[in-house]
There are 4 protein chains.
Amino acid sequence: MDINVGVIGYGYWGPNLVRNLMETEGAVVVACADLRPDRRALVRSRYPTVKTLDHAEAILDDPKIDAVVIVTPVSTHHALAKRALEQGKHVLVTKPFTRTVAEGEELIRLAEENGLVLLVDHTFIYTGAVRKMKELLDTGELGHLYYFDSVRVNLGVFAHDSDVLWDLAPHDLSILTHLIPKTPKYVSAVGVDHVGTGFADMVYLTIHFEDSFLAHAHVNWLSPVKVRQILIGGDRRMLVYDDTEPSEKVRVYDSGIQVTTQEGIYATLVDYRTGDMWAPKIELREALSAECEHFVDCIRLKKMPITGGAAGLTVVGLLEAASKSLAAKGRRTAV
Amino acid sequence: MDINVGVIGYGYWGPNLVRNLMETEGAVVVACADLRPDRRALVRSRYPTVKTLDHAEAILDDPKIDAVVIVTPVSTHHALAKRALEQGKHVLVTKPFTRTVAEGEELIRLAEENGLVLLVDHTFIYTGAVRKMKELLDTGELGHLYYFDSVRVNLGVFAHDSDVLWDLAPHDLSILTHLIPKTPKYVSAVGVDHVGTGFADMVYLTIHFEDSFLAHAHVNWLSPVKVRQILIGGDRRMLVYDDTEPSEKVRVYDSGIQVTTQEGIYATLVDYRTGDMWAPKIELREALSAECEHFVDCIRLKKMPITGGAAGLTVVGLLEAASKSLAAKGRRTAV
Amino acid sequence: MDINVGVIGYGYWGPNLVRNLMETEGAVVVACADLRPDRRALVRSRYPTVKTLDHAEAILDDPKIDAVVIVTPVSTHHALAKRALEQGKHVLVTKPFTRTVAEGEELIRLAEENGLVLLVDHTFIYTGAVRKMKELLDTGELGHLYYFDSVRVNLGVFAHDSDVLWDLAPHDLSILTHLIPKTPKYVSAVGVDHVGTGFADMVYLTIHFEDSFLAHAHVNWLSPVKVRQILIGGDRRMLVYDDTEPSEKVRVYDSGIQVTTQEGIYATLVDYRTGDMWAPKIELREALSAECEHFVDCIRLKKMPITGGAAGLTVVGLLEAASKSLAAKGRRTAV
Amino acid sequence: MDINVGVIGYGYWGPNLVRNLMETEGAVVVACADLRPDRRALVRSRYPTVKTLDHAEAILDDPKIDAVVIVTPVSTHHALAKRALEQGKHVLVTKPFTRTVAEGEELIRLAEENGLVLLVDHTFIYTGAVRKMKELLDTGELGHLYYFDSVRVNLGVFAHDSDVLWDLAPHDLSILTHLIPKTPKYVSAVGVDHVGTGFADMVYLTIHFEDSFLAHAHVNWLSPVKVRQILIGGDRRMLVYDDTEPSEKVRVYDSGIQVTTQEGIYATLVDYRTGDMWAPKIELREALSAECEHFVDCIRLKKMPITGGAAGLTVVGLLEAASKSLAAKGRRTAV
């Protein structure tokens, strides 16, 4: 029997989830809710078999629906997901998971108590590039890790209900916390609302860890060029993940630092070593396709998702601390 | 009569200054001092007419020498420049100008009192790219300015007597303060010494101004790839300066933000606007050649250099404040 | 009343046409034929309202169908299009138009006699990039034209029924003949079948014109990297069209040649001039969407398509001559 | 004892040779001849110890000079080199070696008879990139070789005494014949003189070999962008050599073609295979430095140069045949 899925929200991202769910074996989208008549009309023209609704309740209460996909602004995530879980439905919710750690914790508890799957749509985790990087990092290819530096900047699209931190940084933070098994301790963030919307449109975010590992992200809606670049430095190798590259998205540099101590000289001598570069083949399957398949698998096999509530919560915890720091003009804030 | 120049230091950067001075009309290098015998031998093989010396004093005290070029570690700048100015010699000193604001102020005073030229080698200011950007900014092409974001990262070369902040950030800070006529107020800097030399090898630096303009620089000796990119955002246009591009180093984007306020809707609606891109022709003359010519001009015509003591001092002031912030784990520090 | 469209062929390219036709106002896909059961199943899963068929005849003979879209191998184009036109249906056929000039001429005649629209799917002509280049060339921005040089190389996909010339070069030739209002005179082509399929997998094609203008295309299925670059040189300006660039696909260089004749010197002195570069904003709408809309417009308004039979025929004429030259080891062959 | 070198010609390329010879252990430039007073003045300002002359004879006849470096237009190569060899001097001559095969053969014979070193300045052969490619090709990394495709285009500099074929193609042909141990059989070349100098400013050159291997070069002085790219395809791996890349000049793609023959299906099925990409570390030493050292080694150790007369002659043979084909509008011409 197919899993009957109801989708709430058919705005910018919803169509991608509906399309992928439709092509996922074992799942079928049976209903889609959106407040806007023109979005519902678009659903009907594309998928005449999907029932369209102007409110979420009919999906949340429909006993024939097994799973709910929530693709709405973050302010609505908690209420919608809570009701879905209480009605015994599995939930897939877009990022960021929730507005607060408290909201996220309640949803995690509800999912556990009811034996339901709760998957947070950290899409990048399902890309071939991030999966390849995870493999490289887990096998220790990079050696002792130094830093994670991410730049995610472009022009617009301004979100209407959040700053650029909550809009773009979830991507960086989900990748960071997925790849790096270290505990963040302090966060500081500075940013500006240049346009006067009440929301920062550029933010620099620094994350300090228990050791000297340092993470940094630059998220910006006011950049003339699109940059999507993550550097990860280690003492054995370093890598660059450039998501704007069509195929060679991950490049591993057999380069590093050589420290020598000469007898009689007290200063540490440091030299650098450059070597070959290597771009492993990356699986180019659409990430959402893998994510939807994983959602179905988790439901069928009662597995914990790779990007479950816990992963979502970690990201929300960092965002919450970063927002506090932002309000305090960059003050170092405990996570 | 040619200006007789003595050069102190023939390490990494000295050869570039000697070569350019030699080809500058009106100047001639007559002596070069370096502690290392092999460096002196190299000078002699290249320039048989240049006298080589194993100590700076013979240059500083030589009455036939009109100008001294100091290409040594920053810790020696103040003492060498002071003596040169006291002996009535013009001075060109590499960046960073001095270790402290106090040192810099003394040199500026000495130069003024003796009517001597004091030029700080902020090389980038003499590039065609920075000159073109100065022109664009001075004519208001970019509109109201939002931010300055610089990334200057690569692998090595580790300096032996300074951290990456004092080694690389002078470039960014000299460009920033040359282009943007705004007053920096606060600085914060975080960084790490990953290798154990006692000096930070990666630093993130944020500079707050009197208004909402924000500047940020990422300087790093541990990056697998070389990046030299500056973004400058304005409300009318934005630009990218990529120094690794062979010819189209500056790109101006006729892109920006459109703010609309619809009647009856209280939220500001922001949309972005993309337009043409334009890469102005950049003069490709070697920056040091223009700088050496400017040094000679300033001496002959008793002019103030574009990158004189004051420009050097502004950069040192920012570095000093950044170092304090770095020691205080990123605490916001007044400039 | 919507135009009822029947699509023949749902392989690699068919899905793109069906999707765009479905979203074109005034058109609706009512039937789709494909020999392969799995492709028909895919149509049904995506578009439950489209009737699927295992043969083309039911579409060609269906009186309720107004227009036929032929997305099959070139060997079948003539027979299918001929029958469609004879049955009074408008035709959109993928490139290359036909196997021979004779076949193409018959279809053009049939379309004319029956007052039907015959559109050849030269997709690139409908891209924002080619439209912008057409505008630049038509206004004489480039001055006197020197050459057109195209490189279209990548790894695979090997066509099963044609060589790389007939597979890839139609793109270059359709762009060339659309942009450059000059008459081709001779063609020469060399190529190799390295893999032993009986079809050349790499071809170099040269086209000579009535004047000294020269066109050249390199098409290749055996390249490790994907290149999609066209250079057009003129005496006032030159341009580069790089289709792999995400946004700045067309760059116009205000660069050229300066010829000076010094008195008393008989030789022509040539110098080059470099100037600004300019990347005009390119409309990023999907080309097939514009093409489908144009097809509907031509039907409704009884207009001649931009890429009608005549445009298709010109390309086929060049391909036919090139194939002759290829068989004759590159011998210069009249078009 | 140092080898005393006399250099004839101090125009565009001469300064690079003089500078590198000066820094080569075992060699010393003692004299330099140039017709132009300003060029001789430049030599004296840079190298006060080098004797400057306004004619070549004084160098050719000077018994204290051991080796002559000829950096003059090709039309003078034969006469100058002949006289130098007859006077018992070793010769290094810039590319192209000579105007004709006959001239080259005479010089080779003279060098052999007199036991002298005759080195042709095929500079690229001494780059780290070409040396790495040679290593990869010699060990069979690429498998069975398919093709060599070179694009060497940019704006200007127009040579005054040759077409673009003789100016730029020697680079491509020297790399091709150095790397690929196959015998060229036929050449065809087409080109145009757009500017009216009497010399072609763009040429497409095709070289056919004894087997199906195909080589092609596009050389052009009228391109708005600088391209320096060589593709080499093999059935196991393929490589790209991009000389405009600052460090990763050679990229090896573990990609290729898979041919399968299914039972009962007569057609060959071809699929492509993509794999990892790998950029081996390239030695970045200046090529001319390695070449000058090699010249000295060959003289001292009586070795045959890597790029001796024979290598020069092969290139001249191809150029001669290409010029014939160019005059005959691209007719296939035997080498």
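Predicted model: local features only at pLDDT ≥ 70, side-chain atom pairs only at ≥ 80, totals over all residues.

Q: How should I read a sheet, and in which order do the strands of the open sheet of chain B lie?

A: In general, strands of a sheet pair through backbone hydrogen bonds, either parallel or antiparallel. Here the open sheet of chain B has 6 strands in the order E3-E2-E1-E4-E5-E6, with parallel pairing, and from one strand to the next the twist averages 25°.

Q: Which are the edge strands?

A: They are strand E3 (51-53) and strand E6 (118-121) of chain B, each of which pairs on one side only. The partner of E3(B) is strand E2 (residues 27-33) of chain B, and the two run in the parallel sense over 3 bridges; within this part of the sheet, Ala33(B) stands opposite Leu53(B) of E3(B).

Q: What packs on the sheet, and at what angle to E2(B)?

A: Helix H1 (residues 14-22) of chain B does, touching strand E1 (3-8), E2 and strand E4 (67-70) of chain B, and its direction makes about 150° with that of E2(B). Helix H4 (residues 77-86) of chain B, in turn, lies across E1, E4 and strand E5 (90-94) of chain B, at about 165° to E5(B).

Q: How many residues does the contact take from chain C and from chain D?

A: Chain C contributes 40 residues and chain D contributes 40 residues. On the side of chain C that touches chain D, E11(C) gives the most, with 6 residues, and the residues of that side divide into 22 nonpolar, 15 polar and 3 charged.

Key. Residues numbered from 1 in each chain as written. Chains lettered and ligands numbered in written order. Contact = placed C-beta atoms within 7 Å. Helix = DSSP H or I, 4+ residues; strand = E, 2+ residues; numbered from the N terminus. Nonpolar A, V, L, I, M, F, W, Y, C, P; charged D, E, K, R; others polar. Pairing = 2+ DSSP bridges. Axes fitted to C-alpha atoms, helices over the stretch in contact; angles between N-to-C directions.
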